[in-house]
Every structure is written in C-alpha cells, then in structure tokens.
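Dear colleague,

Please find below the structure I am handing over to you, together with its sequence. My notes on it come directly after.

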Amino acid sequence: MSAPRTPIPWRNKAVVAALAAVLLAGPGIAQATPQPAPAAQGEVSAAATITWTLERAANPTEDQRTAYDLITRAMNAAVARYNNLSDLGKAITVRYDPGVPTADGNLNGTIRFGNRSYMNERTALHEIAHTIGVGTSSGWSRLGGSGTWTGAQATALVRQFDGSAAKLSTGGGHFWPYGLNYDNEFSNTAADRHVQIVAAMVRDGL
C-alpha cells in the first residue's frame, strides 16, 4: 500500500494532476514533456517542471529496445514523482550506455543507464538528484562538504521526518537518509521524502 503523500501548499493541485497525467499517459513512450495547465485568472502556475528525452538508436537492437522500455518506465515514474512533489525544473537527456557499470547523472542534465538492474525508479530518482546538484554543484561542496548538510531548510525537514536529533549526512557525492543510494532504501515514503529533501536543498542554495 502506498504511503500518503504530503501535499505541497504552494502548488496548485490542478497543475499537479495535469502534469502527472501527461507523464504517465501512454505505455512505452520514450519522452516525457509535461505541458502545464493554464493558470486560472489570479493564480500562478508552477514555477518549473522536470522534462526528459531518451536518445534512441535509429534501428535499435533487441537489447536496446529492452533497455529503452525499462528506462522509460523508470524515468516516467521518477519524473512524475518529482513534478508532483516539487517545483524543480530541469531538462534531462537520457542515454543507454552498456559501458556504464551502474548509472550516473551529471549537472549538465545527462543521465546514463548501463546495467539492467539499475533501470528502476529508485535509480532514476537518485540520478535526477545528481542532475539538480546533489554531489555535483558548488552549492553541494559549500553546504555538504563537511560531512553533514548545513542548509537550514533540508535540515529542518529531516528533523520533521525523524526527530530533533536527525541530520543529513553527506559523503562521496551522496546523502543519507533518504538519498536512495541502494535499492533496499526504496519505499514510496522514502521516495517522496527524497524528492522533498532535494527540493529543500535547492532552496538552501544547492
């Protein structure tokens, strides 16, 4: 059973619903580019959204087709979750590269998937965070370089989740808890909190 999600007070629910519907429409799509619903008079639409495009071979092999399908499902789920729970914006280009041992994400907006076992939502969420700046930006070095995240908003959020003594540990370009660094960390609650913490890190100056 999915854990209930925390609503985002600053985001219009109609916009959220429209984004999620577009992202999840149609099986096997290789691109997810949500179109925000028009803002009603006197309302402000969402500040930004995450979009993504999968680079495909002109004549894909069976191996490539299988990888494309797995990557598409993973990215659609992850992008829908980010757009539902944050107002972060990024245009992401995704590639299948069998030479990549796992998967990786870059601040320039590229994600590469290699190993089949990493073509899942957990990995996609984690790599999207790298494209946004987790482990890859100057803000990360400034606020997370000591081994503990020092930004006020993300720190307050993890304490809301886990108690007044909680902290966000950092190292090797990653954070925990809720960094989704391994598959055994994944749950709907952890995934939602991951997105909310990344958004709070951005507000802190990531």
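The following paragraphs set out what was found, beginning with the conventions.

This is a predicted model, in which local features need pLDDT of at least 70 and side-chain atom pairs count only at pLDDT 80 or more, while totals for chains, interfaces and linings use all residues. Residues are numbered from 1 along each chain as its sequence is written, and side-chain values use heavy atoms, with hydrogens and water left out.

Overall architecture

The protein chain has six helices and seven strands; helices (H or I, at least four residues) and strands (E, at least two) are DSSP runs, numbered from the N terminus. Their order from the N terminus is α-β-β-α-β-β-β-α-α-α-β-β-α. Of the 206 residues, 45% count as buried, where buried means under 20% relative accessible area, exposed over 50% and partly exposed in between, with a 1.4 Å probe and protein chains only. Among contacts (heavy atoms within 4.5 Å) between residues at least 6 apart in sequence, 59% join residues at least 24 apart.

Helix α3

Because 12 of the 12 residues of α3 are buried, the helix is largely enclosed by the rest of the structure. Among these buried residues are E121, R122, H126, E127 and H130. The N-terminal end of α3 is capped by N120, which places a side-chain oxygen 3.3 Å from the backbone nitrogen of R122. Just after the helix, G133 adopts a positive phi of about 140°.

The β6–β7 region

G173 sits in the loop between β6 (169–171) and β7 (174–176) and is buried, at a relative accessible area of 16%. Apart from neighbours within four places in sequence, G173 contacts H130, V134, G135 and W140. The C-alpha atoms of G173 and V134 are 6.5 Å apart, although 39 residues separate them along the chain. G171, in strand β6, counts as partly exposed at 30% relative accessibility. Its C-alpha atom is 8.3 Å from that of T148, 23 residues away in sequence.

The loop between β7 and α6

Most residues other than glycine have a negative phi, and most peptide bonds are trans. Against that background, the peptide bond from W176 to P177 is cis, with omega near 0°, and P177 lies in the loop between β7 and α6. Y178, in this loop too, has a positive phi near 70° and is buried at 14% relative accessibility. L180, likewise placed in the loop, has a positive phi near 55° and is buried at 0%.

Packing of α5 and α6

Helices α5 (residues 152–162) and α6 (residues 188–204) pack at an angle of about 155° with their axes 7 Å apart; axes are lines fitted to C-alpha atoms, for helices over the stretch in contact, and angles run from 0 to 180 degrees between N-to-C directions. The two helices are therefore roughly antiparallel, a term for angles over 145 degrees. The residues of this contact divide into eight nonpolar, two polar and four charged; Ala, Val, Leu, Ile, Met, Phe, Trp, Tyr, Cys and Pro count as nonpolar, Asp, Glu, Lys and Arg as charged, and the others, including Gly, as polar. L157 and F161 are among the α5 residues that take part, and I197 and M201 among those of α6.

Yours sincerely

Notes: Parallel < 35°, antiparallel > 145°, perpendicular 65-115°, else oblique. Polar contact = N/O pair within 3.5 Å; in protein donor to acceptor, adjacent residues only side chain to side chain.
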